[in-house]
Amino acid sequence: MSAGTFDYVIIGAGSAGCVLANRLSADPDVRVCLIEAGKKDTSLMVRMPAGVGSLIKAPCDQNWGFWSEPQKHMDGRKLYWPRGKGWGGSSSINGMVYIRGHAGDYDLWGQMGLKGWSYSDVLPYFKRAENYENGANDYHGGEGPLNVTESPMGGPIYMAFIEAGRQAGHPVTDDFNGAQQEGFGPYQRTIFKGERWSASYGYLRPIEGKRANLTVISTGMVTRVLIEGGKAVGAEYVDGRGKEAVQVRADREVIVCAGAVQSPQLLQLSGIGDPAQLKALGIEVKAASPNVGQNLQDHLDVTVINKMTQPLSAYSQQKGIKKLLVGIQYLATQKGAGADNFLQAGAFLKSRTGLEMPDIQLHVVNAIMMDHANYTPTEDGYTVHACQLRPESRGTVLLKSADPFDHPAIDPNYLAAEEDRRAMREAVKMVREVCRQAALKALTGEEILPGAGVVSDTDIDAFIRAKGETIYHPVGTVAMGTQESAPVDGELRVRGVSGLRVVDASVMPTLVGGNTNAPTIMVAEKAADMILGRAPPAPEEPKRALERA
């Protein structure tokens with residue numbers, strides 16, 4: 001069965017796919033088809049920022065709910081991996097923190113020989129995407145589709161946390177995306193007028209039904225890219241297991257935007273991967289590319305949780321009848337606790353002297369948050385998430401079978417490197433030191449995690465193995481590179497197959513120092529120029545602060 005022919009077929013309506021659907025279809029003479037396995041983002045839990053806890057804690061219409069393979073360096077645990085499903089992808093279920101990473105992350109890409117990917121080259125694309133509430137400046141854009149706002153710092157825990165960081169001897173910064181990342185400060189958020197501002201709301205919803213040249217197919221599970229004579233010519237999808245296969249043809253390009261888990265999965269299902277592994281599963285090899293599914297990197301996270309001595313956390317704001325009132329207030333006004341992600345401040349720190357860039361990120365949450373929000377708090381408290389920004393450990397995403405509906409084998413290989421274990425251990429110690437400062441003393445009660453009995457390095461290491469989780473930032477599984485062994489080149493074209501690109505977090509060769517949604521949107525903005533053959537904007541190099549070594 002055929003669903004027609006288009007110029008471009010985009011697979012996945014996540015953060016990158018929404019950007020490309022908008023930018024490519026801006027030309028009315030260009031026919032674009034966007035295929036998404038999930039549904040439209042109509043859920044109140046997506047729209048309401050406080051709904052994030054409900055979205056991430058279990059598989060649902062908006063969440064694939066993957067699980068990792070047993071982690072041999074983490075007591076053999078299988079770890080839960082939420083990933084976005086449906087319009088907006090992970091930007092529809094994430095914590096709405098807008099962070100680009102450190103300028104040095106992109107300069108590293110440039111130093112790897114990836115022309116056009118240095119900080120000065122990508123900054124214009126970050127700015128093109130952004131509509132910053134305080135207007136355009138050297139670091140921010142003021143006319144883009146993605147609304148970015150400052151945290152209101154609603155609640156004493158946030159200012160106390162920043163002041164405690166200063167008291168502990170760390171810098172304070174007013175803009176993690178500006179001249180200086182290092183230090184404690186407020187987060188910018190993709191929340192606008194009380195609503196989550198996902199890539200769908202920024203890029204796809206505004207053009208929905210308004211461009212005759214854009215076709216959006218929901219609940220279409222792409223099972224393979226169609227490759228004929230070494231060229232990608234379309235995609236095949238089904239509307240559920242056992243349903244009739246439908247083919248969509250592409251005259252120009254097929255663009256895979258399925259994310260760091262499912263982009264390598266789809267390429268392998270389509271015959272692009274390690275020949276030995278594909279043949280073992282009965283998949284015809286279309287292009288030998290052994291590094292597809294390799295190079296997986298993710299931010300491992302641990303939490304330090306303290307009871308709060310005053311009724312000021314999300315628990316007291318929403319307990320009992322108040323929870324109903326929060327919902328009523330939100331539906332009526334888009335204000336109140338329902339409009340908050342309870343995650344308004346954080347920090348970027350260095351775990352040892354001599355580092356050029358911060359290697360630890362902190363997120364403070366005005367609530368007790370355990371086990372991806374599956375734990376129901378019974379008292380007030382606050383949580384400090386700590387993750388290592390540039391892990392040395394590398395993992396894989398590989399097929400378990402040739403069935404597209406089987407989730408792939410996700411093996412992040414957390415804590416395989418000694419440096420990762422050291423950095424995570426130091427992160428716990430640094431957070432505890434901050435929580436002991438005078439600014440937090442009046443708010444801080446008993447430590448719940450790791451707990452008073454966790455003192456020695458051996459104790460802390462055991463705690464990290466037992467309680468560490470993903471903080472939802474996987475990248476690198478279809479990494480770009482200049483070497484022929486890299487799955488895609490610097491223009492994101494798949495080596496060995498013409499007419500095929502990958503555009504999403506999977507192409508990042510190294511993990512950036514921060515949350516990955518904003519960088520993914522930047523990658524897609526840059527890819528749109530590449531695909532359409534447009535010249536990139538002039539590089540921009542604003543002044544950077546000299547961070548402490």
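Visitor: Which residue of strand 9 stands opposite V97?
Guide: A word on the source: this is a predicted model, where local features need pLDDT of at least 70, side-chain atom pairs count only at pLDDT 80 or more, and totals for chains, interfaces and linings use all residues. Residues are numbered from 1 along each chain as its sequence is written, and side-chain values use heavy atoms, with hydrogens and water left out. Now find V97 and look across to strand 9: the residue standing opposite is R189.

Visitor: Do strand 5 and strand 9 run parallel or antiparallel?
Guide: Strands here are DSSP runs of E with at least two residues, helices are runs of H or I with at least four, and both are numbered from the N terminus. Strands pair if DSSP finds at least two bridges between them. Strand 9 (residues 188–189) is joined to strand 5 by two bridges, and they run antiparallel.

Visitor: In what order do the four strands of the open sheet come?
Guide: The pairing in this sheet is mixed. Its edge strands, each pairing on one side only, are strand 5 (97–98) and strand 6 (130–132). Reading across, the order is 5-9-7-6.

Visitor: What angle does helix 5 make with strand 6?
Guide: Helix 5 packs on the sheet and touches strand 5, strand 6 and strand 7 (146–150); contact means heavy atoms within 4.5 Å. Axes are lines fitted to C-alpha atoms, for helices over the stretch in contact, and angles run from 0 to 180 degrees between N-to-C directions. On that basis, the angle with strand 6 is about 65 degrees.

Visitor: Which word describes how helix 4 and helix 5 lie to each other?
Guide: Their axes come within 8 Å and cross at roughly 125 degrees. A103, Y106 and D107 of helix 4 meet Y119, V122 and F126 of helix 5. Under 35 degrees counts as roughly parallel, over 145 as roughly antiparallel, 65 to 115 as roughly perpendicular, and the rest as oblique. So this pair is oblique.

Visitor: How many charged residues are in the contact of helix 12 with helix 14?
Guide: Helix 12 (residues 418–435) and helix 14 (residues 457–467) cross at roughly 105 degrees, so they're roughly perpendicular. Ala, Val, Leu, Ile, Met, Phe, Trp, Tyr, Cys and Pro count as nonpolar, Asp, Glu, Lys and Arg as charged, and the others, Gly among them, as polar. The tally is five nonpolar, no polar and, for charged, six.

Visitor: Which residue forms a salt bridge with E208?
Guide: A salt bridge takes a side-chain nitrogen of Lys or Arg within 4 Å of a carboxyl oxygen of Asp or Glu, and the structure holds 39 of them. In this one, the closest N and O atoms are 2.4 Å apart. The pair links distant parts of the chain, 168 residues apart, with E208 in the loop between helix 7 (199–204) and strand 12 (214–217). Its partner is K40.

Visitor: Is the peptide bond from L449 to P450 cis or trans?
Guide: Most peptide bonds are trans. P450 sits in the loop between strand 24 (444–449) and helix 14. With omega near -5 degrees, the bond from L449 is cis.
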